[in-house]
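Reader: I have a model open and want to learn how to read it. Where do I start?

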Amino acid sequence: MCGSLKTWVLPDDLRRWREALDALDAGQDIAWRQDTRGPEVFIERDPEEERAHVTISDASSSLTR
């Protein structure tokens with residue numbers, strides 16, 4: 001599936017994205033922008049298959065997941 005979504009990213013969002021990526025690198029699943037305005041990003045790791053399951057949810061605006 002392919003699509004696009006216009007959103008705003010503020011400096012604090014980028015700081016939290018960096019922290020989320022550090023946690024992902026450390027082997028943790030992450031949630032970025034959870035319970036905030038705009039789209040939320042969830043990444044769950046599957047270390048056995050070296051894959052990740054990524055979910056983008058935009059319940060506040062487009063009601064998509």
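Author: We go from the overall fold to single residues.

Author: One caution comes before that. This is a predicted model.

Reader: How many helices and strands are there in the protein?

Author: The protein has 1 helix and 3 strands. Read from the N terminus, the order is α-β-β-β.

Reader: What share of the residues counts as buried?

Author: The protein has 65 residues, and 25% of them count as buried. Contacts give another view. Take those with a separation of 6 or more: 15% of them join residues 24 or more positions apart.

Reader: Now the aromatics. How do I read a ring pair?

Author: A pair of aromatic rings is described by two values, the distance of the centres and the angle of the planes. Here the count is 1 aromatic pair. The partners are tryptophan 17 and tryptophan 32, with ring centres 4.8 Å apart and planes at 55°, so the pair is tilted.

Reader: Which parts does the pair tie together?

Author: Tryptophan 17 belongs to helix 1 (residues 11–25), and tryptophan 32 to strand 1 (residues 30–32). The pair therefore links parts that are 15 residues apart in sequence.

Reader: Is tryptophan 32 buried or exposed?

Author: Tryptophan 32 has 11% relative accessibility, so tryptophan 32 counts as buried. The cut-off for buried is under 20%. Tryptophan 17 has 27%, so tryptophan 17 counts as partly exposed.

Reader: Which residue lies over the face of tryptophan 32?

Author: Arginine 33 does, at 5.2 Å from the ring centre. Arginine 33 sits in the loop between strand 1 and strand 2. With a relative accessible area of 8%, arginine 33 is buried.

Reader: What should I look for in the backbone there?

Author: Look at phi. Most residues other than glycine have a negative phi. Arginine 33 has a phi near 65°, a positive value in a residue other than glycine.

Reader: Next, pockets. How is empty space found?

Author: Rolling a probe the size of a water molecule over the atoms shows where empty space is left. Take the second largest pocket: its volume is about 160 Å³.

Reader: Which residues line the second largest pocket?

Author: The lining includes Leu10, Asp12, Asp13 and Arg16. Ala31, Trp32, Arg33, Gln34, Thr36 and Arg37 also line the pocket. Helix 1 and strand 1 are the elements that give two or more residues to this lining. The largest share, 3 residues, comes from helix 1.

Reader: How many charged residues are in that lining?

Author: The lining has 5 charged residues, along with 3 nonpolar and 2 polar ones.

Reader: Arg37 was in that list. Where does arginine 37 lie?

Author: Arginine 37 lies in the loop between strand 1 and strand 2 (40–46). Its relative accessible area is 40%, so arginine 37 is partly exposed.

Reader: What is arginine 37 in contact with, leaving aside its neighbours within four places in sequence?

Author: Its contacts are Trp8, Leu10 and Asp13. Arginine 37 and tryptophan 8 are 29 residues apart in sequence, yet 9.4 Å apart in space, C-alpha to C-alpha.

Reader: Now a strand residue. Where is glutamate 44?

Author: Glutamate 44 lies in strand 2. With a relative accessible area of 43%, glutamate 44 is partly exposed. Beyond four places in sequence, glutamate 44 is in contact with Asp29, Arg51, Ala52 and His53. Glutamate 44 and valine 54 are 10 residues apart in sequence and 6.5 Å apart in space, C-alpha to C-alpha.

Reader: One last residue. Is aspartate 58 buried or exposed?

Author: Aspartate 58 counts as buried, at 2% relative accessibility. Its place is in the segment after strand 3 (51–57). Aspartate 58 and glycine 38 are 20 residues apart in sequence and 6.2 Å apart in space, C-alpha to C-alpha.

Technical notes: Residues are numbered from 1 along each chain as its sequence is written. This is a predicted model: local features need pLDDT of at least 70, side-chain atom pairs count only at pLDDT 80 or more; totals for chains, interfaces and linings use all residues. Side-chain values use heavy atoms; hydrogens and water are left out. Rings of Phe, Tyr and Trp (its six-membered ring) pair if their centres lie within 6.5 Å; planes under 30 degrees apart count as stacked, over 60 as edge-to-face and the rest as tilted. Helices (H or I, at least four residues) and strands (E, at least two) are DSSP runs, numbered from the N terminus. Buried means under 20% relative accessible area, exposed over 50%, partly exposed in between (1.4 Å probe, protein chains only). A charge sits over a ring if NZ of Lys or CZ of Arg is within 6 Å of the ring centre and within 35 degrees of the ring normal. On a 1 Å grid over the protein atoms alone, a cavity is a set of points where a 1.4 Å probe fits but cannot get out, and a pocket is an open set with protein on both sides within 12 Å along at least five of seven lines; lining residues have an atom within 4 Å of a point. Grid points are joined across faces, edges and corners, and a volume is the space filled by probe spheres set on the points. Ala, Val, Leu, Ile, Met, Phe, Trp, Tyr, Cys and Pro count as nonpolar, Asp, Glu, Lys and Arg as charged, and the others, Gly among them, as polar. Contact means heavy atoms within 4.5 Å.
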